[in-house]
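Subject: Structure handover

Hello,

Here is the structure I promised to pass on. Please open it next to this email and follow along.

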Amino acid sequence: SIFAHIQDRTGKLQIYLKHDLLTSQFDFFKQYIDVGDIIWLSGIVFKTKMGEITLEVSEYNLLSKCLHPLP
């Protein structure tokens with residue numbers, strides 16, 4: 001399992017990726033998705049025991065790779 005945060009100008013959201021659901025895409029995410037990359041996510045929204053709104057990712061696409069490090 002991977003927990004991560006995504007954000008834009010409006011705020012941030014926790015995402016949750018399960019190996020059982022994504023199989024080969026899970027390994028790709030773990031190896032190649034970095035800070036600054038733009039990704040598209042789809043899945044089911046739920047609330048964790050701590051009360052944080054989380055997206056359980058069922059599929060994703062890498063839209064743009066960040067080529068320069070963020071300041």
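How many salt bridges does the structure hold? There are 3 salt bridges. Keep in mind that this is a predicted model. Let me take the bridges in turn.

**Salt bridges**

Some background comes before the details. Side chains of opposite charge can pair when their charged atoms come close.

Start with K18 and E56. Their side chains meet in a salt bridge, at 3.9 Å from N to O. K18 sits in the loop between β2 (11-17) and α1 (19-22), while E56 belongs to strand β4 (residues 53-64), so this pair ties together parts that are 38 residues apart in sequence. K18 counts as partly exposed, because its relative accessibility is 25%.

Now go to D34 and K65. Their side chains form a salt bridge at 2.9 Å, N to O. D34 lies in the loop between α2 (24-32) and β3 (38-47), and K65 lies in the segment after β4, so the pair joins parts 31 residues apart in sequence. Is D34 buried, partly exposed or exposed? At 45% relative accessibility, D34 is partly exposed. K65 is partly exposed too, at 33%.

K65 also has a salt bridge with D37, at 2.9 Å from N to O. D37 is in the loop between α2 and β3, and K65 is in the segment after β4, so this pair ties together parts that are 28 residues apart in sequence. D37 is buried, because its relative accessible area is 12%, and a residue counts as buried under 20%.

D34, D37 and K65 are linked in a network of salt bridges.

**Backbone and strands**

Next, look at T23. Where is it? T23 is in the loop between α1 and α2. Its phi is near 45°, a positive value in a residue other than glycine. T23 is partly exposed, with a relative accessible area of 46%.

Then trace β3 and β4. In which sense do β3 and β4 pair, parallel or antiparallel? The pairing is antiparallel, over 10 bridges. Within it, F46 stands opposite T54 in β4. The hairpin of β3 and β4 has 5 residues between the strands. There, G51 takes a positive phi near 90°.

**Aromatic pairs**

A pair of aromatic rings is described by the distance of the centres and the angle of the planes. How many aromatic pairs does the structure hold? It holds 4 aromatic pairs. Two of them are described here.

Y16 and F46 form an edge-to-face pair, with 6.3 Å from centre to centre and 80° between the planes. This pair links distant parts of the chain: Y16 is in strand β2, F46 is in strand β3, and they are 30 residues apart. Y16 counts as buried, at 16% relative accessibility. F46 counts as partly exposed, at 29%.

F29 and Y60 also form an edge-to-face pair. Here the centres are 5.3 Å apart, and the planes are at 80°. F29 lies in helix α2 and Y60 in strand β4, so the pair ties together parts that are 31 residues apart in sequence. F29 is buried, with a relative accessible area of 9%. Y60 is buried as well, at 3% relative accessibility.

Go back to F46 for a moment. F3, Y16 and F46 form one aromatic cluster.

**The largest pocket**

Last, find the empty space. Rolling a probe the size of a water molecule over the atoms shows where empty space is left.

The largest pocket has a volume of about 410 Å³. Which residues lie nearest its centre? They are H5, I6, Q7, D37 and I39, out of 14 lining residues.

Which strand gives the most to the lining of the largest pocket? β1 does, with 4 residues. β1 (2-8) and β3 each supply at least two residues of this lining. By class, the lining has 9 nonpolar, 3 polar and 2 charged residues.

**Where to look**

For a quick tour, begin at the network of D34, D37 and K65. Move on to the cluster of F3, Y16 and F46. Finish at the largest pocket, with H5, I6 and Q7 among the residues nearest its centre.

Best wishes

Methods
Residues numbered from 1 in each chain as written. Predicted model: local features only at pLDDT ≥ 70, side-chain atom pairs only at ≥ 80, totals over all residues. Heavy atoms only, no water. Salt bridge = Lys/Arg side-chain N within 4 Å of Asp/Glu carboxyl O. Buried < 20%, exposed > 50% of the residue type's maximum accessible area, 1.4 Å probe, protein only. Pairing = 2+ DSSP bridges. Phe/Tyr/Trp six-rings, centres within 6.5 Å; stacked < 30°, edge-to-face > 60°. 1 Å grid on protein atoms, 1.4 Å probe; cavity = no way out; pocket = protein on both sides within 12 Å on 5 of 7 lines; lining within 4 Å. Points joined across faces, edges and corners; volume = space filled by probe spheres on them. Nonpolar A, V, L, I, M, F, W, Y, C, P; charged D, E, K, R; others polar.
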